[in-house]
Amino acid sequence: MTGWLEALERLSRSRAKAGLTRQLRPRPADDFVVDLAGNDYLGLSAHPEVVAASASALAAYGLGATGSRLVRGSTALHEALESSLASLLGFPAALVFSSGYLANLAAVRGATAVCDLIVSDAYNHASLIDGCKISGRRTVVAPHNDPTAVAAILDAHPGQPAVVVTESVFSVDGDLAPLAALHEVASSRGALLLVDDAHAVGVLGPSGAGGVAAAGLAGRPDVIVTATLSKSLGGAGGVVAAPEPFIRHLIDTGRTFIYDTALPPAVVAGVHEALRLARDADDRRAVLTTRAAQVVARLTEAGFPVGHPAGAVLSVLAPGPEAAVAWAADCRDRGVAVGCFRPPSTPDGTSRLRLTLNAGVPDEAFAHALDVIVECAP
């Protein structure tokens, strides 16, 4: 095949013209920017007890897991974390993956072993969308957060086993799915409900158990929950929590579990300690609630319409992709890190700054960051 590099260069120029070029920006360990871009919602990633637990496991086990979970990668640490995650999320069993992305791929594909139809929210994360694609099952995209539309889709396929797939707190706009209504629609028609709870675990629900628990759906036999371990828990990895037969199915058939090297024990130990701290972190969750109100008040006062976030994520519309990039860059130059989201990350063709709240940021620094965001606006 000739000319393939030139073809890639043409595609790159097209992306640049549309303002969709992306850049890697390595940060040093002593990066002192105010972080409103990462997902460390509870500020636990550098907590001394989390770091100590990780360091102890690093000394005991070494750098990596040395193999997949079914070969040499499973440790007592993995098993203990899975037990604690199942307890927090309110399900009989849980399975840890090396990333939330892989957990979602496995969960969606696993559900289609018994479901022929997927009903997927229009604003779902790329990992859920990719899970739908690799499943090979028919996927119907439902309008965002619309239980009535989901009901109509299911009713149009009577008797066809189905799974309804959604996030709880959506990763870009930060709005909350009507989980109780979606479960009612799904269960009344014999369908499963699969919820990506990544942005809600640690933030919503009793003891930070997540959006599914907050909706009263924890432990339901027709509900599957996924989450990352890289947001409120400050580490890395992913988890699927569900009835035990589904977890057994994933162990036996889940390709992103069977053929992937296990999460390193040092990360597992750090996440487990963060989970212990997160259970008792009502004070940190209260900080997030207070700061969400501060953001809404400050940006609304400055003329930016923003909705009150369900969790710790909210977005501010930008005039276009170039303006969003420039806005984020200007903030970064003034010591404030914010997220910059453009197509295809944004589902409706618009561009946004995404702000993620962090309970570990000092009050004065947080107030200053909001001023910078307003002052740097296009």
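Reader: Where is the place of Ala209?
Author: Ala209 sits in the loop between E6 and helix H9 (211-214); helices (H or I, at least four residues) and strands (E, at least two) are DSSP runs, numbered from the N terminus. This is a predicted model, where local features need pLDDT of at least 70, side-chain atom pairs count only at pLDDT 80 or more, and totals for chains, interfaces and linings use all residues. Residues are numbered from 1 along each chain as its sequence is written, and side-chain values use heavy atoms, with hydrogens and water left out.

Reader: Why is Ala209 called buried?
Author: Buried means under 20% relative accessible area, exposed over 50%, partly exposed in between (1.4 Å probe, protein chains only). Ala209 has 4%, so it is buried.

Reader: What does Ala209 touch?
Author: Not counting residues up to four places away in sequence, Ala209 touches Leu88, Leu89, Asp197, Val201 and Leu204; contact means heavy atoms within 4.5 Å.

Reader: How do you know that strand E5 and strand E6 pair?
Author: Two strands pair if DSSP finds at least two bridges between them. E5 (residues 162-167) and E6 (residues 192-196) have five bridges, so they pair, in the parallel sense. Val165 stands opposite Leu194 in E6.

Reader: What makes strand E2 and strand E4 stand at the edges?
Author: The open sheet has seven strands in the order E2-E8-E7-E6-E5-E3-E4, with mixed pairing. E2 (93-97) and E4 (138-142) each have a single partner strand, so one side of each is left without a neighbour in the sheet.
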